[in-house]
Amino acid sequence: AGAGAGAGAGANSSSTNTSKKNCIHGPPLGSFQNIANENNAIHSETVNTYTKYRADPRSTDMVLKRVKCSVPLYHQSEVNQQIEMIKTLSSDSDADGLLDSIPADIKHVCSEPASKSFQVRGRSYLTDGAKVPSDESMFALLGVDSVVKKSEGDDYRACDVSKSPNSYFHRLRAANKRLGLDTPFLFVINFVVPWGNLVAYFYRPDGENGRPFNGKRKGTPSEKLWDNFLRGDKSFRNGSLKFIPYVVEGPWAVRKIVGSTPAMIGQKIPTSYHGSLDEGYLEICMNVTKGGKMANSICSAVASKASIITIDLAFLLQGSKDDELPEQLLSVFRLHHVRLKKSVVP
């Protein structure tokens, strides 16, 4: 089963994991903080999405807001900043009138949906086939880049884009270095598409000292599976990595062709893995252009209607044994009406 649309709003607590003083960090996993509900969301498409970075306020202001992406998180978009300013500076009565003048549509932005909207294999799945809402995704979204290649020249890198001097990874590292902070481990999702790349960046909010692990969760099924995945070989990774798409808004024809059935994506399209613990990132590169007719048909359908589509792309590791259940999302991001073929890295 894919995503459902009706997860409840999470708590809006301000507590964060304060054990990490020298690195970007965020709330404890499972807290589901700062999630929009039907009463405070700026748009129907942002209900059950995070209204802020899953990071401490200082890191957000000093680092994350300064490292730009070509497809920003909606709460960093110009329209949302206007809304927040009005709410801050105006009385309730004045704010209502001013807010009515701001367009409600959100375009060419991304968001992070709450992972409990996704049904995953539960603890007893191998016995009864039962699925349950996922716990909070292990990695938090930092931003998305839609890269349109100009040519096949030496400056274009299809895979392992994190090695590029102007990559998000290096720009984030430079921003942290200026403040004397360590750079957190990055989890990078890279789709190679006919016109370029679609790249999403994530970090572990509860990671210890910026690393992709949390010792307090060492015995949990999802933590053990993630540890095995990160240290495993390509065969193990391809046999574990699962992908769930879900069209939130869009034409029926696109919904039908995309579907919402989980897929072992490493076994469907050519997938390579780049980076390491020592290098500070893991980039999963999925080459849709070499994935056969079905993969290209789905890609073309989404691209041709991208401006009127909102779609979720979720990743997790498959639990195939009792000690690997329940499953838990690794990461998820939502694209809102993104102009895929007109974006460039800033």
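This is a predicted model: local features need pLDDT of at least 70, side-chain atom pairs count only at pLDDT 80 or more; totals for chains, interfaces and linings use all residues.
Residues are numbered from 1 along each chain as its sequence is written, and side-chain values use heavy atoms, leaving out hydrogens and water. Local features need pLDDT of at least 70 and side-chain atom pairs count only at pLDDT 80 or more, while totals for chains, interfaces and linings use all residues.

Visitor: What is the order of the strands in the open sheet of four strands?
Guide: Strands are DSSP runs of E with at least two residues, and helices are runs of H or I with at least four, both numbered from the N terminus. Two strands pair if DSSP finds at least two bridges between them. In this sheet the pairing is antiparallel, and the order is β1-β11-β10-β7.

Visitor: Which strands stand at the edges of this sheet?
Guide: A strand at the edge here has a single partner, so one side of it is left without a neighbour in the sheet. The strands in this position are β1 (109-111) and β7 (241-249).

Visitor: Which residue in β10 does K242 stand opposite?
Guide: Strand β10 covers residues 310-317 and runs antiparallel to β7, to which eight bridges join it. The residue in β10 opposite K242 is L316.

Visitor: How many residues apart are K163 and E279?
Guide: These two form a salt bridge, with their closest N and O atoms 3.6 Å apart; the term requires a side-chain nitrogen of Lys or Arg within 4 Å of a carboxyl oxygen of Asp or Glu. K163 lies in the loop between β4 (140-148) and α5 (168-178), and E279 in the loop between β8 (271-276) and β9 (281-287). The pair thus links distant parts of the chain, and the separation is 116 residues.

Visitor: Is E279 buried or exposed, or partly exposed?
Guide: Buried means under 20% relative accessible area, exposed means over 50%, and partly exposed lies in between (1.4 Å probe, protein chains only). E279 has a relative accessible area of 32%. The class of E279 is therefore partly exposed.

Visitor: Which residues are linked with R204 in a network of salt bridges?
Guide: R204 forms a salt bridge with D206, the closest N and O atoms being 2.6 Å apart, and both residues are buried. The side chain of R204 also meets that of E223 at 2.8 Å, N to O; R204 is in the loop between β6 (196-203) and α6 (221-231), whereas E223 is in helix α6. The residues linked with R204 in the network are D206, R217 and E223.
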